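This report covers a two-chain structure, with attention to an annotated span and to the contact between the chains.

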There are 2 protein chains.
Amino acid sequence: MSLHVIPPRSGAAFILRAGQLLKVIDPMGVQVSDLLAFNAADVREVISNGRTFDYEETIALTTGHRLWSNRSNVLLEIVEDSVGQHDFLLTPCSEATFRHFYPDQPVHRGCFGNLAEALAPYGVEPDAIPTAFNLFMNVPVAPDGALQVDPPVSAPGDFIVLRAAMDCVIGLTACSAYASNGGSFKPIHYQLLD
Amino acid sequence: MSLHVIPPRSGAAFILRAGQLLKVIDPMGVQVSDLLAFNAADVREVISNGRTFDYEETIALTTGHRLWSNRSNVLLEIVEDSVGQHDFLLTPCSEATFRHFYPDQPVHRGCFGNLAEALAPYGVEPDAIPTAFNLFMNVPVAPDGALQVDPPVSAPGDFIVLRAAMDCVIGLTACSAYASNGGSFKPIHYQLLD
């Protein structure tokens, strides 16, 4: 039940056992958290946006929806969601995306670098990091398909709760990109609940 | 300039050299072709829908758009497109998706199985097959995020042309799923042009 803190612009990785709940909290509001999940028994099995869109038949994922793996198994189920606005289209920010989108700002390794470092002890190589499920991230899709990145609508204390369907390695960040977080960087809190 | 034929419900893999053009033709119309691309020098670098959505800032990809890798490099550029309707949200059909979506039909290994077999000689493992760029696939996104799979709008002879930005291993199918192809299965043709 202890509260874990991910400092601004950093990341963490940990085991979530089958049946356990992961509560991810946006303590100050308007802060994105990139989430990855891998089968703890074989990290080649990994969360897949395409398989999730296949089976859930929507890109708007919230309570009751499941997050599927590249092997067509459920990794996580969303059991509570006080925001209802997340993104599963865009990849973790990285040195390359900082150079592309923020050429006047210092380059940062971003969520990609933070996830790569946190997941390395679990045997996950950087190339194996897929599109993340980006909690609280606000990416409206226009009728013509155009994407934009708006500030999250999450208020201080908003949260999402996910239940593990199998033992998972979880990667989780406090996102490092300007546009995703309304221009500032805040921590993310999480709890593991039995 | 020779014309290659992918028979209905099958797949192929081949090398596309940097600068070469790949023309993929829907000879009878209303037929999807799943396309994958890998860096031929290191197949851990692979086409990424998330990185492509990041940099192209749209999910509606057509002439002038580029298809990006997980390492933020351009693999392919779309240089001609007589259809303008493709999908980069959904994963290749597979035994699992046949069981899920077509429980009354015989199970087929689908594009996933066809791609896995065709790509194995290039060192690509099944778990490394990501969301494909699904040529001619018609997946409208409703305002609430809901997805549906409609028949392609491609007419007989419609095509797309892509230019390789690096030496690529290409995987390509004639799609095996009922909904994607308006209920019937047809061949796909392709040409490599210097």
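In this predicted model, the end C-alpha atoms of residues 5-169 of chain A lie 18 Å apart, and the span is 15% helix and 27% strand. According to an unreviewed UniProt entry, these residues of chain A carry the annotation "domain: DUF1989".

The rest of the report concerns the interface. The size of an interface is often given as the accessible area lost when the parts come together.

| Quantity, chain A and chain B | Value |
|---|---|
| Area buried between the chains | about 2,700 Å² |
| Residues from chain A in the contact | 33 residues |
| Residues from chain B in the contact | 33 residues |
| Salt bridges across the interface | four salt bridges |
| Residue pairs in polar contact | 19 residue pairs |

Carbon and sulfur atoms give 51% of the area buried between chain A and chain B. Of the area that chain A buries against chain B, 20% is supplied by A:Arg51, A:Tyr55 and A:Asp127, more than any other three residues.

One of the four salt bridges across the interface joins A:Arg44 to B:Glu125, with the closest N and O atoms 3.7 Å apart. On the side of chain A that touches chain B, the elements giving two or more residues are α1 (49-56) and α2 (95-101) of chain A. The largest share comes from α1(A), which gives six residues. By residue class, this side of chain A divides into 13 nonpolar, 12 polar and eight charged residues.

Note on methods:
Residues numbered from 1 in each chain as written. Chains lettered and ligands numbered in written order. Predicted model: local features only at pLDDT ≥ 70, side-chain atom pairs only at ≥ 80, totals over all residues. Heavy atoms only, no water. UniProt positions renumbered as here; feature names shortened; annotations may be inferred. Helix = DSSP H or I, 4+ residues; strand = E, 2+ residues; numbered from the N terminus. Contact = heavy atoms within 4.5 Å. Buried area = accessible area lost by both parts, 1.4 Å probe. Salt bridge = Lys/Arg side-chain N within 4 Å of Asp/Glu carboxyl O. Polar contact = N/O pair within 3.5 Å; in protein donor to acceptor, adjacent residues only side chain to side chain. Nonpolar A, V, L, I, M, F, W, Y, C, P; charged D, E, K, R; others polar.
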